[in-house]
2 protein chains.
Amino acid sequence: MSSYITLNRPDLPGIVGLLNHRPDTGKVLCELAEILLRSDHGLPRGEREWIASYVSYLNQCHFCHTSHGAAASAHAGKEVTMIDEIEKGPESKAISDKLRALLVIAGQVQKLGNCVTEEAIEKAREAGAGDDDIHDTVLIAAAFCMYNRYVDGLHTWAPAEREAYKEEGRQMAFEGYMRNFK
Amino acid sequence: MSSYITLNRPDLPGIVGLLNHRPDTGKVLCELAEILLRSDHGLPRGEREWIASYVSYLNQCHFCHTSHGAAASAHAGKEVTMIDEIEKGPESKAISDKLRALLVIAGQVQKLGNCVTEEAIEKAREAGAGDDDIHDTVLIAAAFCMYNRYVDGLHTWAPAEREAYKEEGRQMAFEGYMRNFK
């Protein structure tokens with residue numbers, strides 16, 4: 001209840017309050033999330049959410065980190081404690097070599113665009129990543145460098161407990177990001 | 001001609017090649033730029049481009065820094081040498097106190113969302129900024145933390161010389177960001 005600007009619905013947490021307050025930008029931001037996180041081509045939806053949650057963790061954005069971690073958990077049919085695994089990034093033992101290599105790229109993007117190395121791209125290719133996988137990883141990571149700054153830069157509030165994100169994560173995973181713009 | 005993925009049109013520089021290669025995300029990214037940089041409400045278009053160019057400078061993204069600097073120059077009816085002024089950020093003597101205060105916020109957003117201070121928000125309000133100005137500043141700065149990472153993370157090429165961005169900047173300013181999606 002402490003955002004830097006007065007929102008129409010200050011009771012709504014994180015980006016949800018911002019999307020509601022400004023449907024002009026809100027609709028476009030949701031369309032981008034829908035394409036990047038729920039595409040049926042290339043990377044599985046659960047891995048897309050994993051990348052989003054990991055980048056949000058690096059950006060210290062509790063709302064996005066936890067909600068997208070809950071969405072990744074929902075896709076995997078796991079409890080939200082899976083977020084502990086996501087926080088490990090490329091060190092996780094629960095992921096494929098391909099996702100591991102893509103998380104390295106995502107972590108470089110989180111630092112700055114020109115931190116992405118040719119070596120990291122090569123390793124991702126060796127692990128089976130194609131051009132679309134690399135493209136989507138870079139753009140998902142870049143997009144969360146935006147969403148995270150939007151959410152925290154305007155000082156929105158967020159529930160502390162992971163359990164509070166369970167239903168939101170399920171909706172993000174299975175009903176999608178355009179559910180409030182229909 | 002050296003991007004990390006093979007683009008349909010490797011001759012197109014910076015984000016232009018990426019938008020062309022992936023019109024699915026490209027259209028949405030352009031819609032967002034159109035709303036944030038060419039709105040007729042609140043902040044003038046030239047100041048929106050100024051914020052975008054300054055954040056891109058901080059993110060070391062030559063393509064976005066120079067092209068949006070050229071767009072800001074076009075709005076102001078100035079030569080692209082105005083980019084020297086934009087690089088000064090809040091230290092510029094050519095800007096209003098309000099834009100100066102908003103550039104401080106934009107610089108904080110560029111670091112990380114939770115770097116934005118209550119003090120900076122208060123100073124912007126004292127200089128005449130309202131909720132919409134603060135919202136748009138935060139979201140423009142956040143969005144360029146995405147665009148910049150997308151452009152550089154995939155290692156697109158960019159013309160070195162400022163003069164090469166003059167016509168592109170004019171089109172961005174006066175024909176808008178949806179001009180290739182009509």
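**Entry 1: Arg22(B) and its partners**

I began with Arg22(B) and Asp24(B), whose side chains meet in a salt bridge at 2.9 Å, N to O. I noted the rule: a salt bridge is a side-chain nitrogen of Lys or Arg within 4 Å of a carboxyl oxygen of Asp or Glu. Side chains of opposite charge can pair when their charged atoms come close.

The model I am reading is predicted, so local features need pLDDT of at least 70 and side-chain atom pairs count only at pLDDT 80 or more, while totals for chains, interfaces and linings use all residues. Residues are numbered from 1 along each chain as its sequence is written, chains are lettered from A and ligands numbered from 1 in the order in which they are written, and side-chain values use heavy atoms, with hydrogens and water left out.

Is Arg22(B) buried or exposed? I found Arg22(B) buried, at a relative accessible area of 13%, and Asp24(B) partly exposed, at 35%. The cut-offs are under 20% relative accessible area for buried, over 50% for exposed and in between for partly exposed (1.4 Å probe, protein chains only). I also noted one network of salt bridges with shared partners, which joins Arg22(A), Asp24(A), Arg48(B), Asp132(B) and Asp136(B).

**Entry 2: where the two chains meet**

I looked up the contact next, with contact meaning heavy atoms within 4.5 Å. Chain A puts in 41 residues and chain B puts in 41 residues. About 3,700 Å² is buried between chain A and chain B, and 66% of it is on carbon and sulfur atoms. Tyr4(A), His135(A) and Arg149(A) supply 20% of the area that chain A buries against chain B, more than any other three residues. Buried area here is the accessible area (1.4 Å probe) that two parts lose on being put together, summed over both.

How many salt bridges cross the interface of chain A and chain B? The rule finds four. I looked at the pair Arg22(B) and Asp132(A), which forms a salt bridge with its closest N and O atoms 3.9 Å apart.

I then noted 22 residue pairs in polar contact between chain A and chain B, both residues at pLDDT 80 or more. On the side of chain A that touches chain B, the elements giving two or more residues are helix 2 (23–37), helix 6 (97–111), helix 7 (118–126) and helix 8 (131–153) of chain A. Helix 8 of chain A gives the most, with 15 residues. By class, that side of chain A has 20 nonpolar, ten polar and eleven charged residues.

Helices (H or I, at least four residues) are DSSP runs, numbered from the N terminus. Ala, Val, Leu, Ile, Met, Phe, Trp, Tyr, Cys and Pro count as nonpolar, Asp, Glu, Lys and Arg as charged, and the others, Gly among them, as polar.

**Entry 3: buried places**

I turned to helix 1 (residues 14–21) of chain B, which is largely enclosed by the rest of the structure because seven of its eight residues are buried. Those buried residues are Gly14(B), Ile15(B), Val16(B), Gly17(B), Leu18(B), Leu19(B) and His21(B). They pack against helix 2 (23–37), helix 4 (62–76), helix 8 (131–153) and helix 9 (166–174) of chain B.

In chain A I picked Ser73(A), which lies in helix 4 (residues 62–76). Ser73(A) is buried, with a relative accessible area of 0%. Leaving aside neighbours within four places in sequence, I found Ser73(A) in contact with Lys78(A), Glu79(A), Val80(A), Met82(A) and Ile83(A).

**Entry 4: two positive phi values**

Most residues other than glycine have a negative phi. Gln60(A) has a positive phi of about 60° although it is not a glycine. I placed Gln60(A) in the loop between helix 3 (45–58) and helix 4 of chain A, where it is exposed at 52%. His155(B) also has a positive phi of about 60°; it sits in the loop between helix 8 and helix 9 of chain B and is partly exposed at 34%.

**Entry 5: another salt bridge**

I counted 38 salt bridges over all chains. In one of chain A, Asp97(A) pairs with Arg100(A), the closest N and O atoms being 2.8 Å apart. Asp97(A) and Arg100(A) are separated by about one helical turn because they are three residues apart in helix 6 of chain A.

Technical notes
A polar contact is a pair of N or O atoms within 3.5 Å; within protein, one must be able to donate a hydrogen and the other to accept it, and residues adjacent in sequence count only if both atoms are side-chain atoms.
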